[in-house]
Amino acid sequence: MNFGLMFANVGPFSLPESLARLSQAAEAHGIESLWTVEHVVIPIGYQSAYPYSPSGKLPGGEGMPIPDPLLPLAFVAAVTKKIRLATGILILPQRHPAYVAKEMATLDLLSQGRAILGIGSGWLAEEFDVVGVPFRERGARTNEAIRALRSLWKPQAEAFDGKFYKWPAVESNPKPVQPGGVPIVVGGHSEAAARRAARLGDGFFPARGDRETLTRLFCVLREECAKVGRKPEDIELMTGAGSKLDADGVKRLQDMGISRVTIAPAGFDEESVVRGLDDFAERVMSKL
């Protein structure tokens, strides 16, 4: 089982010293990947329901610092050697895929092949209004943008002709270091996300979910794979876990086919981060 550390760019981790200590401590403890989140703006008084909290509100409030998800990963690439650098998630339909393709290929090159692109279609309707992207189009835009990214990462220049994005044959360089391009992990806890992962993703990441929910979503993924002729085992399954995760819980997730679990930092100061990683390594990782 691989373990990832979430929320690597939130709050105090927006500061360079804190981010460096977090990423280096995670790498030293055997954490496989570091994951950043994204919101370009948080509209004051938003009414959309945040899906991962009973309150329907983002933890930390509307003023919580949430830096760009990609720039911190480039910083981490320079202060670490092997930890993988992932967005968890980047809101793909809010960004033009030509920019995302360039940014992720650059990150992959600078990190010598450590980049992972975790994407989602988004939930904060008011944020889509700010950037001028129709919220109702987000699913279709996400699907098309994934295809556009893969087109731009191909060795040869080619044209792209979609509903939302189109261009003649263009060069987009540098190319990612990883063969086939940067892995694309589809985030989301809906059946639509499971089908998107089956058709277009290298991985599937329902960030939260009980065993029943995950079982249902993975079943949807396998059924969609059968329809499109893909092997389900070619799609990496991952999920997030709370602080109560133990070794037995990890083994149950492994039995479901999950190969990566993300956890949150135990705190925001250096002592809490290291203490939390020490505890997780002793209580969970050492027993697997």
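**Burial and helix packing in the predicted model**

Leaving aside neighbours within four places in sequence, L34 is in contact with L5, A8, S23, A26, L73, V76, I83, R84, L85 and A86. The model is predicted. L34 lies in strand β2, which comprises residues 33–36. The relative accessible area of L34 is 0%, under the 20% cut-off, so the residue counts as buried. A207 stands 173 residues away from L34 along the chain. The C-alpha atoms of these two residues are separated by 14 Å.

Helix α3 was examined next. The helix runs through residues 97–110. Its 14 residues should span 20 Å at 1.5 Å a residue. The end C-alpha atoms are 20 Å apart, in agreement with that expectation. Buried positions in α3 are P97, V100, A101, M104, A105, L107 and D108. These residues cover an arc of only 160° around the axis, and therefore sit on the same side of α3. An α-helix has 3.6 residues a turn, so residues three or four places apart point the same way. On the other side of α3, Y99 and L110 are exposed. The cover over the buried residues of α3 includes two helices, α2 (70–79) and α5 (138–152). Strands also contribute, among them β3 (84–87), β4 (90–91), β5 (115–120) and β7 (166–170). Just after α3, Q112 adopts a positive phi of about 60°.

R141, T142, N143, E144, A145, I146, A148, L149, S151 and L152 are the buried residues of α5. Their cover includes helices α3 and α6. It also includes strands β5, β6 (158–161), β7 and β8 (184–187).

The packing of α6 and α7 was then described. Two packed helices are described by the angle between their axes and the distance between the axes. Helix α6 comprises residues 191–200, and helix α7 comprises residues 211–228. Their axes come within 8 Å and cross at roughly 40°. That angle makes α6 oblique to α7. The crossing of α6 past α7 is right-handed. On the α6 side, the contact is made by E191, A194, R195, A197, A198 and R199. On the α7 side, R216, L217, V220, L221, E224, C225 and V228 take part.

Conventions:
Residues are numbered from 1 along each chain as its sequence is written. This is a predicted model: local features need pLDDT of at least 70, side-chain atom pairs count only at pLDDT 80 or more; totals for chains, interfaces and linings use all residues. Side-chain values use heavy atoms; hydrogens and water are left out. Helices (H or I, at least four residues) and strands (E, at least two) are DSSP runs, numbered from the N terminus. The expected span of a helix is 1.5 Å times one less than its number of residues. Buried means under 20% relative accessible area, exposed over 50%, partly exposed in between (1.4 Å probe, protein chains only). The arc is that of the directions from the helix axis to the C-beta atoms. Contact means heavy atoms within 4.5 Å. Axes are lines fitted to C-alpha atoms, for helices over the stretch in contact, and angles run from 0 to 180 degrees between N-to-C directions. Angles under 35 degrees count as roughly parallel, over 145 as roughly antiparallel, 65 to 115 as roughly perpendicular and the rest as oblique. A crossing is left-handed if the near helix is turned anticlockwise from the far one by less than a right angle, and right-handed if clockwise.
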